Amino acid sequence: MSTASSSPFDLAVRGGTVVSSHGRASLDVYVRDERIAALCPAAAPGLPARQVVDATGLLVLPGMVDTHVHLMDPGDTGREDFPSGTTAAVLQGVTTIVEHTHSWPVTTPARLAEKLAHLEGRSHVDYGLAAHVWPERVGELDALWRAGVSFFKIFTCTTHGVPALRPDLLAAVFAELARIDGTCLVHCEDDDITAAAEARLRAAGRRDGWIVPEWRSRDAESVAVAVVATLARSTGARVTVAHASSPDMLEDVARYARLGAPIVAETCPQYLTLREDEVATLAGLRKFTPPARLRSDSDETRMWAAFNAGLVNHLSTDHAPSRMDQKAGSIWEVPFGLPGLDTTTPILIDAALTGRTSLERVVAAYATAPARRYRLAGKGDIAIGAAADLALVDPAASWTIGHGLVRSKAGWTPYDGRRVRGRVVGTVLAGEVVARDGALLVDAPRGRFVAGPGAR
Ligand SMILES: [Zn+2]
């Protein structure tokens with residue numbers, strides 16, 4: 001035995017039930033040099049370690065990987081910034097994010113460098129960054145990919161101040177992405193349908209919450225998905241449909257994939273949990289797009305069935321917070337978006353512990369699959385050589401989500417008052433216990449930039 005392997009491990013997490021995307025087992029996890037170095041049956045005698053965490057009775061999950069978050073930093077930091085947003089993340093077991101901000105888009109390598117310099121020492125979790133495809137900046141895609149962005153964000157409709165890509169330009173961008181082996185996340189809503197609906201609703205003097213689902217209709221989403229999937233198939237570009245909002249959308253994406261389009265779907269907890277009609281009473285607090293689509297218990301059951309059947313490649317928050325006062329004005333003027341980093345892990349764990357899905361499926365959708373999709377090396381799995389990023393969950397805990405738990409600058413959550421089972425009680429990042437029982441254990445943020453595959 002070499003000296004290196006007989007010296008004590010840096011960390012041991014003992015006595016827990018390790019859950020990966022493909023199963024669970026009673027295993028002790030040993031960490032050396034920020035990586036998982038050994039996995040031993042819990043019955044085996046313990047190996048020496050400098051620090052030991054007793055995980056008896058706990059679930060040991062890989063740190064969650066949330067690849068669609070908006071932390072507004074730099075940008076609109078009155079809504080969120082990296083220290084606040086990543087505090088919310090790390091306290092709920094999320095250890096890697098991929099971030100992009102519409103009000104401060106990364107459209108050139110120089111902008112990426114500027115953002116990276118700004119974020120130094122501001123993140124409690126590891127982070128990749130996505131770039132925006134801007135119509136007059138499509139010549140920058142190759143250079144941005146080689147500079148290390150994780151993916152390109154594309155809009156098919158002008159939204160949040162980001163201009164739409166028309167189908168002809170979309171085809172050119174997809175062809176370029178296929179050439180450079182890049183990948184993209186596409187917000188799919190048809191620009192003509194949403195613009196016409198908006199004009200009609202405004203002309204009618206409508207100001208009620210129902211304008212949101214009428215403006216951002218199911219047809220607008222499915223027409224855009226049809227265009228995007230058609231062009232993905234003809235160009236070979238690897239495309240992810242952002243926030244697919246209904247079982248019908250998920251089935252559409254699966255059908256296009258069977259026809260040969262290299263396309264997968266992402267969804268978010270709001271499409272599994274929130275009802276379409278909540279916007280009638282809650283107005284701005286339910287203004288996000290695509291909007292909630294669930295109308296009945298059977299819709300909800302169908303959406304979970306689609307999630308469990310693998311029609312969802314991965315799940316993310318689409319964390320896009322605004323404070324309650326920012327959500328209080330005219331329904332037309334308040335920003336789109338929901339806070340999500342504080343609540344996504346609890347909502348998913350609860351769904352698994354109450355039988356709507358399995359823990360393995362949660363790990364697959366919110367850790368393993370997104371890490372694989374965006375080639376975040378070593379992330380999203382518990383295996384020898386993987387990053388020592390872990391979420392410790394107490395499955396026996398039962399508690400009520402409330403606005404008071406929210407560490408995002410939003411200060412509120414759509415799940416206020418919801419009773420849930422299971423609780424994140426510890427987070428390990430790069431072999432260090434960085435959070436415990438809802439408190440940060442580190443003074444300075446430890447998160448590091450994770451470069452995209454084009455930079456390697
Ligand atoms: Zn988004």
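This briefing looks at aromatic pairs and at charges over rings in the structure above. The model is predicted, so local features need pLDDT of at least 70 and side-chain atom pairs count only at pLDDT 80 or more, while totals for chains, interfaces and linings use all residues. Residues are numbered from 1 along each chain as its sequence is written, and side-chain values use heavy atoms, leaving out hydrogens and water.

**Aromatic pairs**

- Rings of Phe, Tyr and Trp (its six-membered ring) pair if their centres lie within 6.5 Å; planes under 30 degrees apart count as stacked, over 60 as edge-to-face and the rest as tilted.
- By this rule there are 9 aromatic pairs.
- Phe82 and Tyr127 make an edge-to-face pair, because their ring centres are 5.6 Å apart and their planes stand at 70 degrees.
- Tyr127 also pairs with Phe449: the centres are 6.0 Å apart and the planes at 50 degrees, so this pair is tilted.
- Together, Phe82, Tyr127 and Phe449 form one aromatic cluster.

**Burial of the cluster**

- Phe82 is buried (under 20% relative accessible area, with exposed over 50% and partly exposed in between, for a 1.4 Å probe and protein chains only), at a relative accessible area of 0%.
- Tyr127 is buried too, at 3% relative accessibility.
- Phe449, at 27% relative accessibility, counts as partly exposed.

**Charges over rings**

- A charge sits over a ring if NZ of Lys or CZ of Arg is within 6 Å of the ring centre and within 35 degrees of the ring normal.
- Arg202 places its charged end over the ring of Trp332, 4.1 Å from the centre.
- The ring of Trp399 has the charged end of Arg423 over it, 4.3 Å from its centre.
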